[in-house]
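Subject: Structure handover

Hello,

Here is the structure I promised to pass on. Please open it first, then read my notes below.

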Amino acid sequence: VLTCLLQDSLGGNSKTVMIANVGPAGYNFDETQSTLRYADQAKRIKNKPKENVDSSDALLQNLQAQVARTEDEMRRRDEEIQRRRDEIIKKDAENEALRLSLLNANELRVQNLGELEKEIALSKEE
């Protein structure tokens, strides 16, 4: 009867304290011996308790973890996008500097060509 009453406590996810009440009187010897045997058996029961988790709580925790992972991934991708934008801006500035350098070089060549043509024309007149 006692085992049935304590079934959830002895085999469940709870810690159970058992106090065996024994008496020194000789007429209680059988009862005391039975109590001590039962207490010894109960003491040998080893439980592996696990946390009682509501399935909706577990689902919520999984979804929250997934949201956190997704936010981390989005943050990493945003950083990568910003890094690439910065590279593009830098390359655009370099390209613009090269374009201006080429324009200046072409203008100098055109000027030099004009001066050469003038010299050639002057040398033909002489």
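How many residues apart in helix α4 are glutamate 73 and arginine 77, and about how many helical turns separate them? They are four residues apart, so about one helical turn lies between them. Glutamate 73 and arginine 77 form a salt bridge, and their closest N and O atoms are 2.8 Å apart. A salt bridge here is a side-chain nitrogen of Lys or Arg within 4 Å of a carboxyl oxygen of Asp or Glu. Glutamate 73 is partly exposed at 30% relative accessible area, whereas arginine 77 is exposed at 53%. Buried means under 20% relative accessible area, exposed over 50%, and partly exposed in between (1.4 Å probe, protein chains only).

Some background before you go on. This is a predicted model: local features need pLDDT of at least 70, side-chain atom pairs count only at pLDDT 80 or more, and totals for chains, interfaces and linings use all residues. Residues are numbered from 1 along each chain as its sequence is written, and side-chain values use heavy atoms, with hydrogens and water left out.

Now the overall picture. The protein has four helices and zero strands. Helices (H or I, at least four residues) and strands (E, at least two) are DSSP runs, numbered from the N terminus. Of the 126 residues, 4% count as buried. The accessible surface comes to about 11900 Å² (Shrake-Rupley method, 1.4 Å probe). Carbon and sulfur atoms hold 54% of that surface.

Back to the salt bridges. The structure holds nine. Another one in our list joins arginine 75 to aspartate 72, at 2.6 Å from N to O. These two are three residues apart in helix α4 (residues 55–125), so about one helical turn separates them. Arginine 75 is partly exposed at 45%, and aspartate 72 is partly exposed at 34%. There is also a network of salt bridges, which links Glu80, Arg83, Arg84 and Glu87.

Lysine 43 pairs with aspartate 40, with the closest N and O atoms 3.9 Å apart. Lysine 43 is exposed at 60%, but aspartate 40 is partly exposed at 29%.

Last, look at threonine 35 in helix α3 (residues 29–43). Threonine 35 is partly exposed, at 21% relative accessibility. Leaving out residues up to four places away in sequence, threonine 35 touches Ala20, Asn21 and Val22. Contact means heavy atoms within 4.5 Å. The C-alpha atoms of threonine 35 and asparagine 21 are 7.6 Å apart.

Best wishes
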